[in-house]
Amino acid sequence: MQIDILTLFPEMFKGPLSESIVNRAIEKGLISVELINFRDFCHDKNKQVDDYPYGGSYGMIIKPEPIFEAIDYIKNKRKNLIKGKEFPIIYLTPQGEKYNQNIAKELCQEDYIILICGHYKDIDYRVREHLVNREISIGDYVLSGGELPAMIIIDSITRLLKGVLTHIESAETDSFQDKLLDCPYYTRPREYRGYKVPDILLSGNHKKILEWQENKKIEHTKKIQGGLN
Ligand code: ADE
């Protein structure tokens, strides 16, 4: 899977892309990530990406030209991968559809994704109207830009790709995969500082253990979400 990210702050991605599961996926060639600084597509001498909003308001708006041009550049570079097909061009914004595990599962089927990270107040609406085909929010709060949301999306889809996790069952039993939050897990030692692992998990009765885990998932989901949908 190829993921291209348009950002003004490519350095922010260094840590998340160079550690843990995402890094392993990159090293195995299962995903490839290119960071495109769309400031490079500004032609004025100061390389200014933003400007005042028409009609007046607070904050600055990212101009359309550098984003349109960066997308032209990257689409041309990926033309053999795109082959005239539709693919997600996603703008990260608190105004988008709320991200969840179902969207992660949908996106992990794609061969190619572009993520656009905004900054400042917003981007010129023509980018959203004419370039972008999906808008995603990672929650009802406002961040300084789309970089952290982009990292969250990359992490959540990477772990669903075949060959990334040693045990894909681990992703399949994660919270949300079946609409339930996950159950508690314990490991050795059996007792730590007087805190014991529940007897049932040591019983060797596989059927009873599965029942216990299922009940814990339901109990926890009800507690956190106030009921099942
Ligand atoms: N950019 C700023 N806040 C955001 C959010 N909550 N989700 C996605 N992109 C954002």
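This is a predicted model: local features need pLDDT of at least 70, side-chain atom pairs count only at pLDDT 80 or more; totals for chains, interfaces and linings use all residues.
View 1. For leucine 143, a backbone N or O atom is 3.0 Å from a nitrogen atom of the ligand. A polar backbone atom of threonine 93 is 3.1 Å from a ligand nitrogen. The protein covers 97% of the 260 Å² of accessible area that the ligand has on its own (Shrake-Rupley method, 1.4 Å probe).

**View 2. The shell around the ligand.** Residues with a heavy atom within 4 Å of the ligand include Leu92, Pro94, Ile136, Gly139 and Pro149. The shell divides into 8 nonpolar, 4 polar and no charged residues, with Gly counted as polar and Tyr and Pro as nonpolar. Strand E5 (89-98) and strand E8 (134-137), which are DSSP runs of at least two residues, each supply at least two residues of the shell. E5 gives the most, with 3 residues.

View 3. The whole structure holds 0 disulfides, a disulfide being a pair of cysteine sulfur atoms within 2.5 Å. The sulfur of cysteine 108 is 20 Å from the closest cysteine sulfur, in cysteine 117, too far for a bond. Cysteine 117 has its nearest cysteine sulfur, that of cysteine 42, 16 Å away.

Residues are numbered from 1 along each chain as its sequence is written. Local features need pLDDT of at least 70, side-chain atom pairs count only at pLDDT 80 or more, totals for chains, interfaces and linings use all residues, and side-chain values use heavy atoms, leaving out hydrogens and water.

Notes
A polar contact is a pair of N or O atoms within 3.5 Å; within protein, one must be able to donate a hydrogen and the other to accept it, and residues adjacent in sequence count only if both atoms are side-chain atoms. Helices (H or I, at least four residues) and strands (E, at least two) are DSSP runs, numbered from the N terminus.
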